[in-house]
Amino acid sequence: MSAPRAPLTLEATGLSASVVEQILIKMLFGGELTGHAAADRLRLQFPVLEPLVERVRQERLVEVLGGNGSSAAGYRYALTDMGRDRARQYLDVNQYAGPAPVPLATYVEEMRARAQKRGYIDRIRLREGFSQLIVSDAMLEQLGPATNANKAIFLYGPPGNGKTVLAEGLGRAIGDEMFIPHAIEVSGQIITMFDPVNHQPLDEEQAPPSIIAADVPDRRWVRIKRPVVTVGGELTLDMLDLTFNPLARFYEAPLQLKANGGVFLVDDFGRQRMRPEDLLNRWIVPLESRVDYLTLHTGKKFEVPFDVLTVFATNLDPASLADEAFLRRIPYKIPVTDPTIEEFTRIFEMNCHNRRLQFHQVMVAYLYRRHYKPLGRAMRSCHPRDLLDQIAALCRYRGIEPQVTRELLDAACASYFVDGCGTGDRAVDPKGPRRSSASVNRMEIH
């Protein structure tokens with residue numbers, strides 16, 4: 001996927017000269033900068049910035065302290081007394097002094113163009129996205145059409161069977177990478193978009209060229225891994241709207257805007273600190289029209305694309321969380337059930353391999369016969385990982401080589417399960433997989 005092309009003139013940035021000037025003056029308020037350094041921080045080529053630098057020099061806001069070489073890019077620039085007064089005025093408006101933003105119209109155009117070029121996934125591509133997981137073919141046959149339709153998905157079922165990692169696998173299947181701006185500009189207001197918590201950059205930052213270059217990436221955009229933004233019980237309605245910092249006086253994008261082009265997972269749906277109906281009402285318009293509406297503190301409302309694969313995951317009954325009108329807007333409701341004994345064995349073997357433990361199928365048979373079947377305890381996809389982690393910790397404590405034995409399995413189960421927990425759950429059918437069964441577990445890389 002190609003990056004947006006760098007603008008060759010200040011006008012081509014789509015920003016007014018005053019927006020770029022304000023950021024530049026605020027940067028210099030923190031100390032002197034060379035032309036190269038200022039352009040680097042703004043993520044613009046210096047020849048694009050040079051006319052603006054010359055203008056603020058003529059207005060006696062900036063002075064040259066010296067420099068290396070004869071080009072203006074090597075000069076050291078600093079604010080004059082008049083420039084510092086101007087900087088204070090700009091800081092009273094907002095304190096944003098980062099990369100030059102991308103205009104809202106440019107962002108919307110770019111996102112819509114990339115959505116049209118994304119294409120569809122097939123069985124091979126979907127399987128590659130889940131290559132680090134064990135997922136049944138029956139589950140993939142349901143996830144594939146849902147992903148291509150780009151409609152909301154409801155994953156429901158018992159806890160511990162991989163609903164969260166399914167959403168992460170969907171992010172990998174959709175595509176490996178995309179571009180997101182550091183910030184966008186709306187009516188003179190700045191909204192930060194890039195979030196190192198939710199976005200994984202794929203490139204190291206490179207200094208811009210000192211001469212104008214026609215075919216270089218626009219460094220206002222960051223190449224990132226396709227985002228999978230996850231929220232759980234901490235989600236509130238305020239987190240789905242613009243966050244205005246009253247001290248810095250600029251905005252942070254809401255979670256669904258940061259997830260644009262990727263996956264937005266609402267985990268533990270129904271356990272948030274608000275009524276499920278309130279959250280569902282907030283999503284009705286975006287899920288139906290594929291656009292979202294955000295509002296600045298000035299009262300201005302604007303539209304942004306809602307190009308998000310939204311996944312709701314819960315271990316509660318979906319019918320108890322939403323009415324028929326909302327469930328209609330989530331056309332794909334996919335149960336994530338307990339693994340069969342065969343699937344549980346594959347998951348156990350995979351986790352042994354990841355931890356460099358020797359796998360013995362007889363140990364799984366013993367585990368099932370001793371700790372599951374007599375109690376009617378349901379097998380969960382997370383159990384092999386958790387039990388093997390306990391075995392490894394116990395072996396380290398005893399100072400012995402990690403290994404899987406009956407005695408160590410008994411010790412791990414004794415501390416992992418609550419006596420009687422799981423009684424009443426359906427027992428696992430050892431005869432084979434059911435048509436609706438699907439299991440997932442993360443392949444951990446160590």
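User: Where does R290 sit?
Analyst: R290 is in the loop between α10 (276–289) and β14 (291–295). Helices here are DSSP runs of H or I with at least four residues, strands are E runs of at least two, and both are numbered from the N terminus. This is a predicted model, where local features need pLDDT of at least 70, side-chain atom pairs count only at pLDDT 80 or more, and totals for chains, interfaces and linings use all residues. Residues are numbered from 1 along each chain as its sequence is written, and side-chain values use heavy atoms, leaving out hydrogens and water.
User: And what's the phi of R290?
Analyst: Positive, about 65°, although R290 is not a glycine. S187 is also a non-glycine residue with a positive phi, near 50°.
User: Which loop holds S187?
Analyst: The one between β7 and β8. Those strands, β7 (residues 183–186) and β8 (residues 189–192), run antiparallel and are joined by 4 bridges. A183 stands opposite T192 in β8.
User: What's the strand order in the open sheet?
Analyst: β4-β7-β8-β12-β11, 5 strands with mixed pairing; two strands pair if DSSP finds at least two bridges between them. At the edges are β4 (102–103) and β11 (243–244), each pairing on one side only.
User: Switching to α1: which residues are buried?
Analyst: Among them are V19, V20, I23 and L24, where buried means under 20% relative accessible area (1.4 Å probe, protein chains only).
User: What covers them?
Analyst: The cover includes α2 (35–42), α3 (46–58) and β2 (62–67), with contact meaning heavy atoms within 4.5 Å.
User: What comes just after α1?
Analyst: G31, with a positive phi of about 145°.

Terms used. Buried means under 20% relative accessible area, exposed over 50%, partly exposed in between (1.4 Å probe, protein chains only).
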